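The sequence and the structure are shown first, and the description follows.

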Amino acid sequence: EIPEKNIIRTFGVKDNSLTSYIVDFNNLEYITELSTQIMMLKVLSRDSAEAGEIGTLNFRYTAEIIEIYHDTSGDFEVHDEIRFSSNEGMIKAKDAAELFKGSARAQKLGILQGSYSDNDYIASTNYNAVPIEVEKTYIVYLSDEYLESDGCYTDIGRSYLYEIDEDNVRMGYRDPEIIKTEDIIAQIKADLEKRTGRADEIGASAYKKEITDAVLAASAEE
């Protein structure tokens, strides 16, 4: 038997109150517009893990494509492999401690400065997204915004990262929602029907600026 993971700490941004965003992009309309791919993926491997300057974690994964709901490139087929990065993940505490080794900030704040057993883990979850684990299957919203510079796609779904468990989907880490998989797929298809393609036309950065400017203008009129 595999012992249950002992989660000793969680990392990640909880909500927009901890960031400088004017617009809450944790929103399915914006996420759908910004996504260049929406796919069901089985994660085959975690290829790398890095610690950010503010104590966040970033992972790179290789996954097999199980289903394709949206792909602006037209390059992918079912069973192809795709590489993507995400801030969501589960990692052994002793491996995470190695990532923070030599960090003055980690030493000052006492981040992972102890010794840990093989069963001690760190969960990385931003916006309460379910942490990604190897060998599990997820529906992921991806963007190619950093494909050229980073060599992989980027998970942009924020809290909308769906872990597939047979006929059900788990959404969220704390107090997770359990939803029928068929209902999530129907929702994705309905959202795609309403997708304008504006981000495709002007680019992700310009789209986010356009939305932010519109929100600021609306606020000024109130």
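Tyr61 is buried, with a relative accessible area of 1%. The model discussed here is a predicted one. Phe84 is likewise buried, at a relative accessible area of 0%. Both values fall in the buried class because that class covers anything under 20% relative accessible area.

**Aromatic pairs**

A pair of aromatic rings is described by the distance of the centres and the angle of the planes. Across the whole structure, the search finds 6 aromatic pairs. Two of them are set out below.

| Pair | Centre to centre | Angle between planes | Class |
|---|---|---|---|
| Phe25 and Tyr30 | 5.2 Å | 55 degrees | tilted |
| Tyr61 and Phe84 | 5.5 Å | 35 degrees | tilted |

Lys5 lies over the face of Tyr121, at 5.3 Å from the ring centre.

**The surroundings of Thr62**

Strand S3 also contains Thr62. Thr62 is buried, with a relative accessible area of 12%. Its side chain makes a polar contact of 2.6 Å with the side chain of Asp47. When neighbours within four places in sequence are left aside, Thr62 is in contact with Lys42, Val43, Leu44, Ser45, Asp47, Glu81, Ile82 and Arg83.

Strands of a sheet pair through backbone hydrogen bonds, either parallel or antiparallel. In this model, 3 strands form an open sheet in the order S1-S6-S5, and the pairing is mixed. Its edges are strand S1 (6-11) and strand S5 (89-92), each of which pairs on one side only. From one strand to the next, the twist averages 30 degrees.

Strand S5 and strand S6 (residues 120-124) run antiparallel and are joined by 4 bridges. Within this part of the sheet, Met90 stands opposite Ala123 in S6.

Methods. Residues are numbered from 1 along each chain as its sequence is written. This is a predicted model: local features need pLDDT of at least 70, side-chain atom pairs count only at pLDDT 80 or more; totals for chains, interfaces and linings use all residues. Side-chain values use heavy atoms; hydrogens and water are left out. Rings of Phe, Tyr and Trp (its six-membered ring) pair if their centres lie within 6.5 Å; planes under 30 degrees apart count as stacked, over 60 as edge-to-face and the rest as tilted. Buried means under 20% relative accessible area, exposed over 50%, partly exposed in between (1.4 Å probe, protein chains only). A charge sits over a ring if NZ of Lys or CZ of Arg is within 6 Å of the ring centre and within 35 degrees of the ring normal. Helices (H or I, at least four residues) and strands (E, at least two) are DSSP runs, numbered from the N terminus. A polar contact is a pair of N or O atoms within 3.5 Å; within protein, one must be able to donate a hydrogen and the other to accept it, and residues adjacent in sequence count only if both atoms are side-chain atoms. Contact means heavy atoms within 4.5 Å. Two strands pair if DSSP finds at least two bridges between them. Axes are lines fitted to C-alpha atoms, for helices over the stretch in contact, and angles run from 0 to 180 degrees between N-to-C directions.
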